[in-house]
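Let's work through a few exercises together. Keep the sequence and the 3D view open, and try each task before you read its solution.

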Amino acid sequence: MTEQSQGPALDNLLTESRTFPPSDEFAAAANAGPDLYAAADADREAFWATQAERLHWDTKWDRVLDWSDAPFAKWFVGGKLNVAYNCVDRHVESGHGDQVAIHWEGEPGDTRTITYSDLLAEVSKTANALTELGLQTGDRVAIYMPMVPEAIFSMLACARLGLTHSVVFGGFSAEALRSRIEDAAAKLVITTDGQYRRGKPAPLKPAVDEAVAQTPTIEHVLVVKRTDTEVAWTEGRDIWWNDLVDKQSDQHTPEAFDSEHPLYILYTSGTTGKPKGILHTSGGYLTQASYTHFNVFDLKPDSDVYWCTADIGWVTGHSYIVYGPLSNRVTQVVYEGTPNTPHEGRHWEIVQKYKVSIYYTAPTLIRTFMKWGKDIPAKYDLSSLRVLGSVGEPINPEAWIWYRENVGANRTPIVDTWWQTETGSIMISPLPGVTATKPGSAQKALPGISAKVVDDQGKEVPHGGGGYLVLDQPWPGMLRGIWGDNERYRDTYWSRFAEQGFYFAGDGAKYDNDGDIWLLGRVDDVMNVSGHRISTTEVESALVSHPTVAEAAVVGATDPTTGQGIVAFVILRGDAVDGGEDAVKALRDHVAKEIGPIAKPRQVMVVPELPKTRSGKIMRRLLRDVAENRSIGDVTTLADSTVMDLISQGLNKGSSED
Ligand code: WT7
C-alpha cells in the first residue's frame, strides 16, 4: 500500500446503505447485550477471567495474562483443565446425557444420532485405543479424514489425552499430508478407506500410504471403514478402527493439563511455499472459542439446532464444529457431503429436516446458491432459522442481501465474522442482539478484543480512512507460534509494526464514517491503479451486483502505464447470454458506473469456472499469472486443476480491451 487517502472509489463500496437492527424480541432474549462491551471496556482481564469461568477448571489460574515474553502469550497462567471434559463429560454430569450432540448426515443419506452420553463413550473408547497404541501426552497425531463422526471422536480423544492433533484436510494431496506429518513428527495417522465425493466413493488411504512411505516417525495408521473400498494393507502398521476401538472400555478418566498445553497444530498457507503450522493451546483457546460461539451465534443449548458447513480440515471446523459448540452443549448437524449432492437443495432439505436454527457458511457458497437460483431455497421450510453467519472472505452486499432475503426470510440477523486460523476464534463481528448490521461490513471488534485500522506508520486512521488491520492487544485464542519456527512467527506477524507491538493480520481495511470496519481483502490483493488504491473485493462486488454475473474474481495485473490494471474473471449466470463483446462492454461500464471510471476493468474474461483452493478461496495468484501471460505455477492446492485449462482456453473469447 502506498497511499492512505480514500478516493471516491472506496466510499462507493457502500452500495447498500440500509442497516438492519435486531427485532425488539430478538434483542430482549439475546445472550449478549450492550453491557458486554461495557464490561470488557471497564477491565479487559477481569472480563476474560469471567469468560474463562464458563469452563470447568481442575486448578484455577493465578494470573489471567502473562505478556512479558511478547509476542509469546500465556493465558490463565497456572490453570489446569481438560478440554474434552469441558466439551463432553460435564454435559453428561449435569444431566444432559440424552441430549443429541450430533445429528450426522452422510452424503449418501445414511444418518447417525449421537447423544452426549454416546459421545462420551466413543471419545473414551478412542482415548483408550490411542493409549494402547503407546501414544503419550505431547505426541502429535495426524488426522486425515472426511466429515465422519470418528474424526470428531479422534480430535476429542487427542485433547483428552493431551496429544496434539494436526488435522489435514481430506482434499489435500499425499504430498501435503507428507510435509505436514514430517514437520510435526507425528506418530499416528487416523484416516478412512475412502470418502464420498459428489455421490461417489473416492479412495483416501492410498494417499496416506504414499505419504507415510516417506515419514519414518509414523508408527501406525488407524483406518475407519467408510466406503468399503478395497485398500492396500501393511501388516503391523495398519489397524482397522473397528478392530481396535470397538473392544475398548467406554470408561476413561481425563487428566487435567496446563492451560498452555498444546492442543493442536493447523497448517495454513503463507506467502512462501512452506505452510505454517499454527499452534494453539488449551485454556485461552477454549475460553474464546466458547465465548464467541455463545454470543455471536446467540446459542440457546436447550432449543437451538446449529449447523456450521465448514470441514474439520479448516480452523472453522475446529473452533465452530468441535471446540466452541461442544463446550456450549450444542445440538448440531454435521454433514459429510457437497451442497449439490444429490441435488442443489440438499442444504435446505437438511435445514428443514432437523429444524436448523443457526446456519454458518461462507460467501463463496452463498454466491453459488445465488447462481443456482432463489427458487431452490424457496421450495423448503426454512422458518426454523433465526441466525445466519458468514466467514472466510468479505461478503459483498449483494450476496448479503440475497442471503437475508432468500434464506433468512428478511428477518434473521446476519453475523459477518472476521477472523483467521491464527486468531483461533472470531475477532470482529456484529453481536446479533445488539448491532444494527450493515451488509458487507464485519463492523466492530467483539467485547474483549481490540482491532485498529492504521496507516503505514502505525497511526490509527480517521473515520472514512483506510489502511492495515492490526490487533493491538493480545487475545486468549491467539496463536502461540508457528510450530518449530519462532523466527518465522515474529517475522510474519510482528515485524511490520514491531515498534508499536501490533499483530499485523495481512488484511486491508477501512473505517466508514460511523467507525465500522470494512475488510478489503488481503493486502496483496489490493490494487494500485494510477496511484489510486482499489480493492479487488470492491470491483468483484460491483461485478456481482450486475444481473448477469454469478461470480467474479479480480486481480491487479502489471501495467506499464497505470502501475496495475484491473483484470476481471467472471462467471455468468445460467440464464445469461454468452459472453460476447456486448456483454463484456456492459460489465466494464457497469463497474465504472458503480465505483468510478478508475475502477473500470482493463479486461473482462468470461470463464466457466474460477480456480479455488479446496476451502473455496479463489487463487488470485493463478489468475494473475493468466492475466500477465505467465506460465501457470504450482497448482497443488487447487481443487480441480482442469479449471486452469478451461480458463486459458476461454482467454480470448469474451475478453475485451480498449
Ligand atoms: C483470512 C483468514 C476464519 C476462518 C476461515 C478463513 C479472510 C476471513 C473474513 C470476513 C473478510 C475475511 C481474511 C483473513 N476473512 N473472514 N468475515 N470478512 N475477510 O481462515 O484461511 O485463516 O483466512 O480470511 O483475509 O485474513 P483463514
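**Exercise 1: The ligand and its shell**

Task: Find which helices and strands each supply at least two residues of the shell around the ligand.

Solution: Start with the elements, which are DSSP runs numbered from the N terminus (helices: H or I, at least four residues; strands: E, at least two). The helix α12 (315–327) and the strands β20 (414–417) and β25 (517–522) each give at least two residues to the shell. Before going on, note that this is a predicted model, where local features need pLDDT of at least 70, side-chain atom pairs count only at pLDDT 80 or more, and totals for chains, interfaces and linings use all residues. Residues are numbered from 1 along each chain as its sequence is written, and side-chain values use heavy atoms, with hydrogens and water left out.

Next, look at who is there. The ligand has 16 residues around it, and D416, T417, Q420, T421 and R522 come nearest (a residue is near if one of its heavy atoms lies within 4 Å). Sorted by class, the shell holds six nonpolar, five polar and five charged residues.

**Exercise 2: Polar atoms at the ligand**

Task: Which protein atoms lie 3.0 Å and 2.8 Å from a nitrogen atom of the ligand?

Solution: In G392, a backbone N or O atom lies 3.0 Å from a ligand nitrogen. In T417, a polar backbone atom is 2.8 Å from a nitrogen atom of the ligand. Then turn to side chains: an N or O atom in the side chain of D507 is 2.9 Å from an oxygen atom of the ligand. Finally, consider cover: the ligand alone exposes 550 Å², and the protein buries 89% of that (areas by the Shrake-Rupley method with a 1.4 Å probe).

**Exercise 3: An aromatic cluster**

Task: Is W494 buried or exposed, and why?

Solution: Begin with the rule: buried means under 20% relative accessible area, exposed over 50%, and partly exposed in between (1.4 Å probe, protein chains only). W494 counts as buried because its relative accessibility is 9%. Y503 is also buried, because its value is 0%.

Now place the rings. W67, F72, W475, Y489, Y493, W494 and Y503 form one aromatic cluster. Rings of Phe, Tyr and Trp (its six-membered ring) pair if their centres lie within 6.5 Å; planes under 30 degrees apart are stacked, over 60 edge-to-face, and the rest tilted. The structure holds 34 such pairs.

Methods
A polar contact is a pair of N or O atoms within 3.5 Å; within protein, one must be able to donate a hydrogen and the other to accept it, and residues adjacent in sequence count only if both atoms are side-chain atoms. Ala, Val, Leu, Ile, Met, Phe, Trp, Tyr, Cys and Pro count as nonpolar, Asp, Glu, Lys and Arg as charged, and the others, Gly among them, as polar.
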